[in-house]
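Trainee: I am new to this structure. Can we go through the terms and test each one against its cut-off?

Mentor: Gladly. Here it is.

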Amino acid sequence: METIVALHRNHFGEIISFVTSEGRIISYRKALVEAENGLIQGIQAIEDGEGSVSLLPDQDQSFDHYPNLF
């Protein structure tokens, strides 16, 4: 199963895309859909109190330790 190995942030520091272990570069939205469907291992989709869904790594509280794609 694929995992996330790197990411790309915009100039505001927001994650906009991910690199998978298969070499795919996927958008945040696509990663969210694939995580919800169980296609990417090691991340989970979390819904906050306001109904917004975001991604978090299973083992950590943030993606800060992932290398930046660009």
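**Rings, strands and a helix**

Mentor: Searching the whole structure turns up three aromatic pairs. Rings of Phe, Tyr and Trp (its six-membered ring) pair if their centres lie within 6.5 Å; planes under 30 degrees apart count as stacked, over 60 as edge-to-face and the rest as tilted.

Trainee: Why is the pair of Phe18 and Tyr28 called tilted?

Mentor: The ring centres of Phe18 and Tyr28 are 5.7 Å apart, and the planes stand at 35 degrees, so the pair is tilted. This is a predicted model: local features need pLDDT of at least 70, side-chain atom pairs count only at pLDDT 80 or more, and totals for chains, interfaces and linings use all residues. Residues are numbered from 1 along each chain as its sequence is written, and side-chain values use heavy atoms, without hydrogens or water.

Trainee: What makes the pair a tie between parts of the chain?

Mentor: Phe18 lies in strand β2 and Tyr28 in helix α1, so the pair ties together parts ten residues apart in sequence. Helices (H or I, at least four residues) and strands (E, at least two) are DSSP runs, numbered from the N terminus. Phe18 and Tyr28 also belong to one aromatic cluster with Phe63 and Tyr66.

Trainee: How do you know whether Phe18 is buried or exposed?

Mentor: Buried means under 20% relative accessible area, exposed over 50%, partly exposed in between (1.4 Å probe, protein chains only). Phe18 has 0% relative accessibility, so Phe18 counts as buried. Tyr28 has 22%, so Tyr28 is partly exposed.

Trainee: What makes β2 mostly covered?

Mentor: Five of the six residues of β2 are buried.

Trainee: How do you know that β1 and β2 pair?

Mentor: Two strands pair if DSSP finds at least two bridges between them. Strand β1 (residues 2–9) and β2 have five bridges, in the antiparallel sense. Ala6 has Val19 of β2 as its bridge partner. The two strands form a hairpin with five residues between them, and Gly13 in the turn has a positive phi of about 90 degrees.

Trainee: Which way do β2 and β3 run?

Mentor: Antiparallel, joined by three bridges. Ser17 has Ser27 of β3 as its bridge partner. Four residues lie between the strands of this hairpin, where Gly23 takes a positive phi near 90 degrees.

Trainee: Which residues of α1 are buried?

Mentor: In α1 (residues 28–36), Ala31, Leu32, Glu34 and Ala35 are. After α1 comes Gly38, with a positive phi near 75 degrees.
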